[in-house]
Amino acid sequence: MSETKATLTVGDESWDFDVKQGTLGPDVIDIGSLYAKTGRFTYDPGFTSTGACDSKITFIDGDKGVLLYRGYPIEQLAENGDFLETCYLLLYGDLPTAAQKADFDQRVTYHTMVHEQMSRFFTGFRRDAHPMSVMVGVVGALSAFYHDSTDISDPHQRMVASLRLIAKMPTIAAMAFKYHVGQPFVYPLNSLDYASNFLRMCFAVPAEEYKVNPILARAMDRIFTLHADHEQNASTSTVRLAGSSGANPFACIAAGIACLWGPAHGGANEAALNMLQEIGTVDRIPEFIARAKDKNDPFRLMGFGHRVYKNYDPRAKIMQKTCHEVLGELGITDDPILEVALELERIALHDEYFVSKKLYPNIDFYSGITLKALGFPTTMFTVLFAVARTVGWIAQWKEMVEDPSQRIGRPRQLYTGAGSRDYVPVSKRH
């Protein structure tokens with residue numbers, strides 16, 4: 001990274017700070033010494049103008065609609081590769097050879113089972129517990145079972161923990177689903193690929209044979225790939241912040257899951273589907289479109305536009321195609337929610353209001369419809385997001401742990417509370 005200087009002037013005083021340039025994206029002003037030099041902090045709620053790290057993993061250009069994993073466009077990876085290839089890329093920095101891919105796939109596959117005692121954890125939850133609450137608890141408890149991969153100073157243990165999390169997350173997610181719907185757990189099958197294995201663990205029952213539909217498995221694999229990482233978002237930053245204290249990787253990923261659960265983050269596709277159900281029928285769409293355009297109406301169209309992408313979300317293009325493939329394969333044509341979704345999609349791509357504000361259908365819009373068609377209840381949507389995002393969290397955590405410049409996270413504040421006061425015993429207060 002080449003460096004220039006930026007000058008900060010406050011009143012009659014000026015200070016110089018390094019300006020760092022990355023491979024892509026805007027330059028950043030290194031203010032690490034700001035307090036030492038000026039006695040002041042910056043104020044940046046939400047950290048929207050603050051870079052907390054340098055990273056080689058993911059790059060987003062929201063204005064141009066670009067998403068790169070290790071330099072590779074997301075469209076190419078989702079169209080031509082598979083999820084475990086993407087996992088290898090995010091973890092190791094480059095695409096695998098055929099031999100490396102086979103070895104990695106096998107190592108992940110043979111870590112998919114969880115300790116048998118973990119099945120007892122699930123019986124401690126109520127049947128109507130949200131699957132994400134179950135995920136937070138069970139994933140956090142992994143450190144109680146796998147003591148041999150919690151020493152973050154050991155590179156081998158870090159990699160073993162990484163593989164275990166990628167491998168066991170779909171098994172845990174499927175167990176959470178099965179417990180939620182009152183069906184027996186289905187064990188992983190090593191002869192199946194990652195996505196097919198997950199679908200089988202979710203939808204197979206002991207009473208009959210289950211055959212994986214390759215088109216649905218491919219759709220599931222693409223959903224995982226498209227959600228694998230998304231730079232320094234809320235949950236990823238949470239994982240990094242938790243990891244900066246030296247916490248074990250299982251605890252860090254559990255923290256990421258907890259953050260992802262928020263409706264402003266991982267719950268967006270569930271919110272999009274709930275909105276479609278609220279609209280209900282095509283004839284009611286004009287009413288809701290009018291409400292969306294009314295600044296005084298609190299109603300918002302979910303699944304349109306994106307905080308980061310000011311252009312078409314590159315993931316949405318792939319997800320749109322995948323969505324229609326799934327619907328076509330399953331022959332779903334008379335679902336009123338689907339009819340509402342397709343009409344909203346048509347309007348958003350042609351209506352001047354949507355086009356001018358760049359409110360394109362985003363990945364959450366299409367993934368919500370697709371996951372519903374695959375048979376998942378809305379309560380499972382964020383769980384599937386967590387399965388996919390685990391590799392991104394782990395890659396980011398691993399990068400942070402191996403970065404000698406990283407320190408424990410300690411955001412500052414602008415204090416606006418009471419000034420210094422003297423304590424008065426309760427007996428003397430009036």
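The structure is a predicted model, in which local features need pLDDT of at least 70 and side-chain atom pairs count only at pLDDT 80 or more, while totals for chains, interfaces and linings use all residues. Residues are numbered from 1 along each chain as its sequence is written, and side-chain values use heavy atoms, with hydrogens and water left out.

The protein has 18 helices and six strands; these are DSSP runs numbered from the N terminus, with helices being H or I over at least four residues and strands being E over at least two. With a radius of gyration of 24 Å against the 22 Å that the globule rule gives for 430 residues, the protein is as compact as a globular protein of that length. The radius is taken over C-alpha atoms, and the rule is 2.2 Å times the number of residues to the power 0.38. The C-alpha trace spans about 75 × 65 × 55 Å along its principal axes.

Of the 430 residues, 47% are buried. Buried means under 20% relative accessible area, exposed means over 50%, and partly exposed lies in between (1.4 Å probe, protein chains only). The protein exposes about 21400 Å², and carbon and sulfur atoms supply 53% of this area, as computed by the Shrake-Rupley method with a 1.4 Å probe. Contacts, meaning heavy atoms within 4.5 Å, can also be sorted by sequence separation. Among those between residues at least 6 apart in sequence, 68% join residues at least 24 apart.

Leaving out residues up to four places away in sequence, tyrosine 146 touches Met113, Val114, His115, Arg164, Lys168 and Phe250.

Serine 244 sits in the loop between α10 (234–243) and α11 (249–260). Its relative accessibility is 17%, so serine 244 counts as buried. Beyond residues up to four places away in sequence, serine 244 touches Met400, Arg407, Ile408 and Gly409. A polar atom of the serine 244 side chain lies 2.9 Å from the backbone nitrogen of glycine 409. Serine 244 and glutamine 406 are 162 residues apart in sequence, but 7.4 Å apart in space from C-alpha to C-alpha.

Two other loop residues have a positive phi. Phenylalanine 47, in the loop between α1 (34–38) and β4 (58–61), has a phi near 55°, a positive value in a residue other than glycine. Phenylalanine 47 counts as exposed because its relative accessibility is 52%. Arginine 70 is not a glycine either, and its phi is about 50°; arginine 70 lies in the loop between β5 (66–69) and β6 (72–73).

Notes: A polar contact is a pair of N or O atoms within 3.5 Å; within protein, one must be able to donate a hydrogen and the other to accept it, and residues adjacent in sequence count only if both atoms are side-chain atoms.
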